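I opened my notebook to record how the two chains of this entry meet. My notes follow the order in which I looked things up.

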Amino acid sequence: MSLRIVVCVKYVPDATGDRQFTEDLTVNRDDVDGLLSELDEYAVEQALQIADEADDAEITVLTVGPEDAKDALRKALSMGADKAIHVEDDDLHGSDVMGTSLVLAKAIEKAGYDLVITGMASTDGTMGVLPAILAERLGVPQVTLLSEVKVEDGVVTGRRDGDSASEQLEASLPALVSVTDQSGEARYPSFKGIMAAKKKPVQSWDLEELEIESDEVGLEGSWTAVDSATQRPARTAGTIVKDEGEGGKSLAAFLAEQKFI
Amino acid sequence: MAEVLVYVDHVDGAVRKPTLELLTLARRIGEPVALALGAGAEATAAVLAEHGAVKVLTADASEFSDYLVVPKVDALQAAYDAVSPVAVLVPSSAEGKEIAARLAVRIGSGIITDAIDLEAGEEGPVATQAAFAASFTTKSRVSKGTPVITVKPNSAPVEAAPAAGVVEALAVTFGALATGTKVTSRTPRESTGRPELTEAAIVVSGGRGVNGAENFHIIEALADSLGAAVGASRAAVDAGWYPHSNQVGQTGKSVSPQLYIASGISGAIQHRAGMQTSKTIVAINKDAEAPIFDLVDYGVVGDLFAVVPQLTEEIKARKG
């Protein structure tokens, strides 16, 4: 029986760009290039490795986002995923993690799955709570923050490296897995992969298809409200000295003056 | 007075500092009721009371250690139902955020993570957060349900505020999902004797410029002279010079110490995302053009192999 894997990916503004908020305090996506969140590449990679080990597996990549978000799906398809689902709807603008997770959960259920894989966090919001929320919404075990993952005979096992301990985890499918950037370098799409991706199916769904009311998502439906966003004042220029043999001592004098010593 | 539920992070009864900081923040909103789970939960009561907990709810069961996250969510939900708080505060650890997130879904509430400050507002608690590699500061509220907020370490002072700290056993019923993810083995991390990276008042980090695992002892010696935690940039971790658990940055840990010392770190945006909220920033780097120097209060352009040992010696000399 085929192993159905759904990988959730996010299209995020490039962190090296000058990221800003718009007037409604949502992320300004116009002035900064977007890309597949780097941390989600690890999720795609692990899906590909799990699929390689399985007798028969199918990888669907799923994203929720504006038109441009298709770029994130294409990248994942060119890495080797089989098909893609893009959930796009004007009413989704400004959705917070609760709204977005609701959409993802409905889409995952509609697509059908045995295993859901996500990155550990997005590189824009960096909350890191979506995997746990999705597991709660789907009612499946969460096997999260894995640096190693394996699926065999309907059981997922993995290693979670926490602050105080390293844990081995085990759960039966269906389950949700999130992987860290320690899980294994993500592959670069090959030329062949990029060409093949152009022919792979990308389905588009909207809120109606997922039976979600528009007031459950978007800025209006958000569970949280941002009241203000202010740019941090640029740090006042600090003292910079060139080491000519006394650099360590002068730094120690600064630290003493600041009462750190 | 309104009650605020505070999730306690403790190790066998020893309460970790971020929880005491949460109690300070909780008192700005109402009366803190603490929830301590697992072995040693009752032993936390005295210190929690000293810092303002009017009540300490405790529960212990093998499920808390044998299965991942969900049993703790079941307990937090039981405490929520028992207390009907005006807000739920949880430390922003990886596990803390997962517990808070699942509770928020269950009680139909919004969630705010990684708050760096919290104050009472007319429409409920207002949380300050750092966004876009800390280049922006936002103020947010939970607009649906009871606010569930996770707070980063070093976001508030630890203050004594003696309260009753009455201990009450909490009855917890585990749901079907509680046993979904089994912890089949656990290997404790070896203690370095240094403070926890995310909680430390001073962090000393090394990067690409350290040029090898065998040189990290220079960074460690400086850290030890200051009683600091050791951090590493992604470049140093990817090269295998230092453990991933010490990585500071977007894909590692986010730190907010009183003093951050970066050695041989150029300051890529991903690293800045993890340390830019540090109060005082100091850097040592050979390259005068390194972006880290845009952030520093004090910078030394020079070879870290000369500057860092001299700094360490000077600190030791000054400390006598």
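Which strand of chain B is joined to strand E12 of chain A, and how do the two run? I am working from a predicted model. I found strand E10 (residues 136-142) of chain B joined to strand E12 (residues 224-231) of chain A by 7 bridges, and the two run antiparallel. I looked up one partner: Val226(A) is bridged to Ser140(B) in E10(B).

**The interface.** I looked up the contact next. Chain A puts in 77 residues and chain B 85 residues. The buried area is about 7000 Å², and carbon and sulfur atoms give 56% of that. I noted 6 salt bridges across the interface. One of the salt bridges I checked pairs Glu98(B) with Arg160(A), at 3.1 Å from N to O. I also noted 42 residue pairs in polar contact. On the side of chain A that touches chain B, helix H6 (residues 247-257) of chain A gives the most, with 10 residues. That side divides into 34 nonpolar, 25 polar and 18 charged residues.

I then traced an open sheet of 6 strands, in the order E13(A)-E18(B)-E17(B)-E16(B)-E14(B)-E15(B), with parallel pairing. Its edge strands are E13 (239-242) of chain A and E15 (229-232) of chain B. I noted an average twist of 15° from one strand to the next. Within the sheet, 5 bridges join E14(B) to E16(B). There, Gly206(B) has Ser263(B) as its bridge partner.

Helix H6 (residues 216-226) of chain B lies across E14, E15 and E16 of chain B, at about 170° to E14(B). Helix H9 (residues 304-319) of chain B lies across E16, E17 and E18 of chain B, at about 135° to E17(B).

Key
Residues numbered from 1 in each chain as written. Chains lettered and ligands numbered in written order. Predicted model: local features only at pLDDT ≥ 70, side-chain atom pairs only at ≥ 80, totals over all residues. Heavy atoms only, no water. Contact = heavy atoms within 4.5 Å. Buried area = accessible area lost by both parts, 1.4 Å probe. Salt bridge = Lys/Arg side-chain N within 4 Å of Asp/Glu carboxyl O. Polar contact = N/O pair within 3.5 Å; in protein donor to acceptor, adjacent residues only side chain to side chain. Helix = DSSP H or I, 4+ residues; strand = E, 2+ residues; numbered from the N terminus. Nonpolar A, V, L, I, M, F, W, Y, C, P; charged D, E, K, R; others polar. Pairing = 2+ DSSP bridges. Axes fitted to C-alpha atoms, helices over the stretch in contact; angles between N-to-C directions.
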